[in-house]
Amino acid sequence: MTESRLVREIARTLRREREQAGLTQQALAARSGLSQAAIARIERGDRLPSLTAAERLLAALGRQLRIEVEPLDSHLDAALDEMAGTVLAERIEVLRLDRIMDALGDLPYVLSGGTAALLQGAPLPVDAVEIAVRWRDSPRFSALLDRIYAQRWDARWQVWGGIHTEPEEPGEHRWLTRYGELRARMCEELPEPIEVRLGERTYPVEPLVEVEVTDRRTAELLSRYRRRLAAAGEAPGGSAG
């Protein structure tokens with residue numbers, strides 16, 4: 001599957017518009033003259049449609065294509081700006097971090113990735129709780145996933161569920177739980193955490209210096225955040241600096 005952002009945007013847009021129109025892929029195929037298999041590949045992000053095909057699909061949905069340009073990765077800048085204006089306690093509540101931590105119970109884990117960066121002062125866009133878990137704790141982790149009704153992400157079909165939840169089974173380590181999305185980095189040993197205390201709660205967090213080694217996407221966002229602060233003549237606040 002391609003990693004192109006444009007492919008992902010087209011896939012999400014087409015799927016959203018089709019579902020809002022109350023059409024199945026088969027019905028849209030009949031209206032547009034494209035095959036159901038082609039539509040399925042586009043919606044999965046496996047294929048970038050031609051402009052002609054995109055116009056036909058959208059016209060069949062009563063929509064039309066509009067092309068705009070913007071500075072490269074400006075969506076990331078907009079997300080960083082939005083997060084910078086949001087109180088950390090609100091972000092934690094939206095992520096339902098405390099609920100997920102309560103569900104994890106005595107499972108050994110460390111908060112990692114974007115979640116760790118967020119708790120250390122970096123206003124990054126984070127849409128899932130990220131943790132590091134040891135491979136030898138996988139049976140306990142699997143039992144926990146069952147208790148919180150987890151469904152694993154199926155990257156092939158771009159849906160939740162349909163594949164084994166156990167971390168040992170092939171697939172991305174992403175699960176949709178009753179509390180929200182949970183992502184795990186399975187490792188031989190947990191990183192040595194630092195403790196971040198917010199209110200009455202203490203969070204075991206992977207230090208930023210290690211996050212930037214283990215999580216490329218978070219490292220890139222941190223670098224972008226710092227460059228923007230430097231360009232604005234500001235110094236990064238908190239531990240994110």
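User: Which side chain meets Glu-206 in a salt bridge?

Analyst: A salt bridge puts a side-chain nitrogen of Lys or Arg within 4 Å of a carboxyl oxygen of Asp or Glu. Here Glu-206 pairs with Arg-185 (3.2 Å, N to O). The pair links distant parts of the chain, 21 residues apart: Glu-206 sits in the loop between β8 (201–205) and α10 (208–214), Arg-185 in strand β6 (residues 180–187). Helices (H or I, at least four residues) and strands (E, at least two) are DSSP runs, numbered from the N terminus.

This is a predicted model: local features need pLDDT of at least 70, side-chain atom pairs 80 or more, while totals for chains, interfaces and linings use all residues. Residues are numbered from 1 along each chain as its sequence is written, and side-chain values use heavy atoms, without hydrogens and water.

User: Is Glu-206 buried or exposed?

Analyst: Buried means under 20% relative accessible area, exposed over 50%, partly exposed in between (1.4 Å probe, protein chains only). Glu-206 has 0% relative accessibility, so Glu-206 is buried. Arg-185, at 25%, is partly exposed.

User: How many salt bridges does the whole structure hold?

Analyst: The search finds 15. One of them joins Glu-43 and Arg-18 (2.6 Å, N to O). Glu-43 is in helix α3 (residues 36–44) and Arg-18 in helix α1 (residues 5–20), so the pair ties together parts 25 residues apart in sequence. Glu-43 is buried at 4%, and Arg-18 is buried at 10%.

User: What side chain does the side chain of Ser-138 touch in a polar contact?

Analyst: A polar contact is a pair of N or O atoms within 3.5 Å; within protein, one must be able to donate a hydrogen and the other to accept it, and residues adjacent in sequence count only if both atoms are side-chain atoms. For Ser-138 the partner is Glu-168 (2.5 Å). Ser-138 lies in helix α9 (residues 138–147) and is buried at 0%.
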